[in-house]
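Dear colleague,

I am handing over the structure we spoke about, so that you can look through it alongside my notes. Please find it directly below, followed by what was found in it.

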Amino acid sequence: MEILPFLVWPFVASLILTGIHAYLGVHVVERGVIFVDLALAQIAALGATIAILIGMDPHGQGAYWLSLAFTFIGASIGIAYAVASAAAILAMSKATGETEHLKDMLVGNILAVDRHEVIKTAILYGAIGLFHYIFRHKFLLISTDPAEAEARGMSIRFWDFLFYASFGFVVTSSVAIAGVLLVFCYLIVPSVGAMLFADRVGRRLAIGWTMGTLVSALGVYFSVLMDLPTGAAIVCTFGAVLVVMFFIHLFFFHGHKSPIPEGRSSVPDSKASLVPGPR
């Protein structure tokens, strides 16, 4: 119980990371850009190309699902890399030697954050979050249906610049606090997990935020219980929870979720949609 006061600000920091990254992760996954320097859209394009080579209709459902399968494979590789690297960090934490610099680079040192740093980060992310909320219709439309956005006269390059500029501010600040692997997990895993159970953006955000909060709490708890690096513990917990979510979906929800018709995005048509207008 004596250590709990020292975990308050790291846990608050993890909640802040969850809030902004789970939202941005929805955009990143929709855009097919899982890695900052690797466009996952190219993997999806590879799937579509293979579909054409084997005689599928490039605009048919078969080509769509093959392309989607390649996209999920790319995301799975990235998630597996992050979790495996964090597991290696956990193993190194029990070994002797100069491993601190490597651990800080990969999983950061979230336990070292203090009240001042958390408040500063919260103000920055709050401003970026407000900016995205004000222009949420435009950002979501460009992420989910760029052709429709262009048809409405929107400048794709201009709004893409604004999105990636704000995204860069968030990632740069987050990596300084939590390290590369933890930022990747907060960005991608909640969104991928939410996609297993929801098509609508609002539901994905609710699932992603809930998942990120619970995983953060469990990761911090396991790090204290087993005397492990907090960042690596959270990353591995993300991986374990995602596997559990996958099997829950496989055994209890598989076949219940109807696929999105061709030419439609994951943004709903109802009046509650975050992106108004005809589809």
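**Contacts and surroundings of S216**

I begin with S216, which touches F11, S14, T18, Y186 and I234 when residues up to four places away in sequence are not counted. Please keep in mind throughout that this is a predicted model. S216 belongs to helix 10, which covers residues 201-225, and because its relative accessible area is 0%, under the 20% limit, S216 counts as buried.

A polar atom of the R204 side chain lies 3.4 Å from the backbone oxygen of A198.

The loop between helix 10 and helix 11 holds D227, which has a positive phi of about 55° although it is not a glycine. As background to that value, most residues other than glycine have a negative phi. D227 counts as exposed, since its relative accessibility of 61% is over the 50% cut-off.

**Aromatic pairs**

A pair of aromatic rings is described by the distance of the centres and the angle of the planes. In this model the count comes to 12 aromatic pairs. One of them is formed by F163 and F167, whose rings are stacked, with 6.0 Å from centre to centre and 20° between the planes. Both residues lie in helix 8 (residues 156-178), where they are four residues apart, about one turn of the helix, and both F163 and F167 are buried. The pair of Y221 and F222 is tilted, because the ring centres are 5.7 Å apart and the planes stand at 55°, an angle that falls between the 30 and 60 degree limits. Y221 is partly exposed at a relative accessible area of 48%, and F222 is likewise partly exposed, at 28%.

A ring takes part in another kind of arrangement at Y133, where the charged end of R136 sits over the ring, 4.1 Å from its centre.

**The end of helix 11**

F253 is found in helix 11, which covers residues 230-253, and its relative accessibility of 40% makes it partly exposed. Beyond four places in sequence, F253 touches F197 and I248. Although F253 and L196 are 57 residues apart in sequence, their C-alpha atoms are 8.7 Å apart in space.

**The chain as a whole**

The secondary structure comes to 11 helices and zero strands, and of the 279 residues in the chain, 43% are buried. Among contacts with a separation of 6 or more, 75% are between residues 24 or more positions apart. The accessible surface of the chain comes to about 14,600 Å², and carbon and sulfur atoms account for 70% of that area.

The pLDDT averages 76 over the chain, and 67% of the residues score at least 70. Confidence is highest in helix 5 (residues 115-134), at a mean of 92, and lowest in helix 4 (residues 100-107), at 58. Over residues 36-41 the pLDDT stays under 50, and the model has 11 contacts beyond four places in sequence for this stretch. The pLDDT is also below 50 over residues 257-279, a stretch that has 49 contacts in the model beyond near neighbours in sequence. Where pLDDT is low, the predicted coordinates should not be read in detail.

With best regards

How values were computed
Residues numbered from 1 in each chain as written. Predicted model: local features only at pLDDT ≥ 70, side-chain atom pairs only at ≥ 80, totals over all residues. Heavy atoms only, no water. Helix = DSSP H or I, 4+ residues; strand = E, 2+ residues; numbered from the N terminus. Buried < 20%, exposed > 50% of the residue type's maximum accessible area, 1.4 Å probe, protein only. Contact = heavy atoms within 4.5 Å. Phe/Tyr/Trp six-rings, centres within 6.5 Å; stacked < 30°, edge-to-face > 60°. Lys NZ or Arg CZ within 6 Å of the ring centre and 35° of its normal. Areas by Shrake-Rupley, 256 points an atom, 1.4 Å probe, with all protein chains shown as cover. pLDDT = per-residue confidence, 0-100. Polar contact = N/O pair within 3.5 Å; in protein donor to acceptor, adjacent residues only side chain to side chain.
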